[in-house]
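Here are my notes on this model, point by point. Have a look at the structure first, then read on with it open beside you.

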Amino acid sequence: MSLRVIGLISGTSVDGIDAALVELSGSQADLQVNLLQGETYPYPAALRSQILDVCAGEPLSMSALAELDDAIAEVFAAAALNLQAKHAPVDLIGSHGQTAYHRPPQGATLGYSLQLGRGALIAHRTGITTISNFRAADLAVGGQGAPLVPPVDACLLRHDQLDRCLQNLGGIGNVTYLPAQSRGEPICGWDTGPGNALIDLAVSQFTSGAQTFDRNGAWAAQGMPCTALVNRWMEHPFFQQAPPKSTGRELFGVDYLHQCLQDASAYPLSQADILASLTELTAASIVESYRRFLPRLPAQVALCGGGSHNTYLQQRLQANLESTQVCSTDDLGLNADFKEAIAFAVLAYWRYQGLPGNLPEVTGANCPVLLGEIHQGGAYSA
Ligand SMILES: Nc1ncnc2c1ncn2[C@@H]1O[C@H](COP(=O)(O)OP(=O)(O)O)[C@@H](O)[C@H]1O
Ligand SMILES: [Mg+2]
């Protein structure tokens, strides 16, 4: 028996909705994933800038919040309908939604994470049963609510003999460490810090919004990273903190970029040098976290997410990880652009089967829990 499931996500880059239609069978150790189609639907510019404002901490009235929630749900539903049109019937949607706010747990205070684009509306518009709000249950039992992808990675990409990291490069970076099966060691994972978020913000600022990202890292590649600056930025407490840990644009967003640019003004740097330094911060924070928090450096790091197309960033990671092979999850047979969307399709599929989705050793939760709320598609029939 297999199910056709659509996974939908927009990450912290707020670039658009990644939608993956997959055929799924098995459940965990025997999980099989066949990607039938993946599409990215960019946000309309006005909606994107509204979301970015909210993420930057702009106050929002409850009525504006309600409107934004449904505007996002509508574009998510449209993305699902678009994919479904070519591959009907679809059995299930797993929608991560758009993170507007993320607060990790602190001491006895639980974490809180708000994803917009309500599942009930997506289910109604598409007629397809939709699972959404994946992070809430893990947060309620003391977890970070993130990262949620590692158990899916473990089912799909764990190697018998090879220690492997899967490094997602979205707006924020996150890693899954998969020790070789033969070691019998636990899986771990955490948010590594900034992925593309600071680079994107700097490019937007330098070009007055004409460009939103550094394509292939070509601009940064023309500069030189300023080591003193990168070392200073690496003193940020988030990088010192041991896992479990998660973060968002609250920490590495526009305010932090302004601080970085102010720090940079003490040095004679070109815009290319500043971009190279911000890219080096991403690479250094990733590699430093591996050195500190993994039992050993992995033999292989496979990149995914939009930042995996940043050739300069990939080169800097490789330069900082001499005896580790840096490649893309494409090389392992898992589409690097849609890996996260595929993962939320799998998490929905597990919820549908009544299987817990979180890995407490990764999120820090007190126990395994079912992730996501189910919104029935179509009209009620007894
Ligand atoms: N060709 C490319 N070169 C460099 N960066 C890229 C390229 N394509 C996409 N990106 C980066 O990837 C980001 C989107 O990646 P994505 O995985 O969707 O992140 P998120 O999950 O945060 O939305 C863009 O904002 C951009 O920074
Ligand atoms: Mg994205």
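1. Pro 147 sits in the loop between helix 4 (136–140) and helix 5 (150–157); helices here are DSSP runs of H or I with at least four residues, strands are runs of E with at least two, and both are numbered from the N terminus. The bond joining Ala 146 and Pro 147 is a cis peptide, with omega about -15 degrees. Bear in mind that this is a predicted model, in which local features need pLDDT of at least 70 and side-chain atom pairs count only at pLDDT 80 or more, while totals for chains, interfaces and linings use all residues. For the bookkeeping, residues are numbered from 1 along each chain as its sequence is written, and chains are lettered from A and ligands numbered from 1 in the order in which they are written.

2. Another cis bond to look at runs from Pro 243 to Pro 244, with omega near 0 degrees. Pro 244 is in the loop between helix 9 (237–240) and helix 10 (254–264). As a reminder, most residues other than glycine have a negative phi, and most peptide bonds are trans.

3. On to phi. Val 14 is not a glycine, yet its phi is positive, near 55 degrees. Is Val 14 buried or exposed? Val 14 counts as buried because 23 other C-beta atoms lie within 10 Å; the cut-offs are 20 or more such atoms within 10 Å for buried, 12 or fewer for exposed, and partly exposed in between, with C-beta atoms placed from the backbone. Ser 208 also has a positive phi without being a glycine, about 50 degrees, and is found in the loop between helix 6 (197–206) and helix 7 (218–221). Ser 208 is exposed, since it has 7 C-beta neighbours inside 10 Å.

4. Val 14 belongs to the hairpin of strand 1 and strand 2, which has five residues between the strands. Strand 1 (residues 2–10) runs antiparallel to strand 2, joined by eight bridges (strands pair if DSSP finds at least two bridges between them). Across that pairing, Arg 4 stands opposite Glu 23 of strand 2.

5. Strand 2 (residues 16–25) is largely enclosed by the rest of the structure, because seven of its 10 residues are buried. On to its pairing with strand 3 (residues 32–42): 10 bridges, again antiparallel, with Val 22 opposite Leu 35. Six residues lie between the strands in this hairpin, and Gly 26 there has a positive phi near 75 degrees.

6. Leu 47 is in helix 1 (residues 45–55). Leu 47 is partly exposed, because 18 other C-beta atoms lie within 10 Å. Leaving out residues up to four places away in sequence, Leu 47 touches Ala 71 and Val 75, where contact means C-beta atoms, placed from the backbone, within 7 Å. Leu 47 and Ile 72 are 25 residues apart in sequence but 8.1 Å apart in space, C-alpha to C-alpha.

7. Now the domains, whose bounds come from an automatic or database assignment: domain 1 is 2–148 + 339–375 and domain 2 is 157–332. Their centres, taken over C-alpha atoms, are 23 Å apart. The contact between them uses 20 residues from domain 1 and 27 residues from domain 2. On the domain 1 side, the elements giving two or more residues are strand 4 (92–103), helix 13 and helix 14 (360–363), and helix 14 gives the most, with three residues.

8. Helix 13 (residues 339–352) has 14 residues, and 13 of them are buried. From first C-alpha to last, helix 13 reaches 20 Å, close to the 20 Å expected at 1.5 Å a residue (that is, 1.5 Å times one less than the number of residues). Gly 354, which follows helix 13, has a positive phi near 75 degrees.

9. What surrounds ligand 1? The shell has 21 residues, and the closest are Gly 11, Ser 13, Gly 170, Asn 196 and Gly 306; a residue is near if its C-beta atom, placed from the backbone, lies within 6 Å. Domain 1 and domain 2 each supply at least three residues to the shell. By class there are one nonpolar, 14 polar and six charged residues, with Ala, Val, Leu, Ile, Met, Phe, Trp, Tyr, Cys and Pro counted as nonpolar, Asp, Glu, Lys and Arg as charged, and the others, Gly among them, as polar.

Conventions
Two residues are in contact if their C-beta atoms, placed from the backbone, lie within 7 Å.
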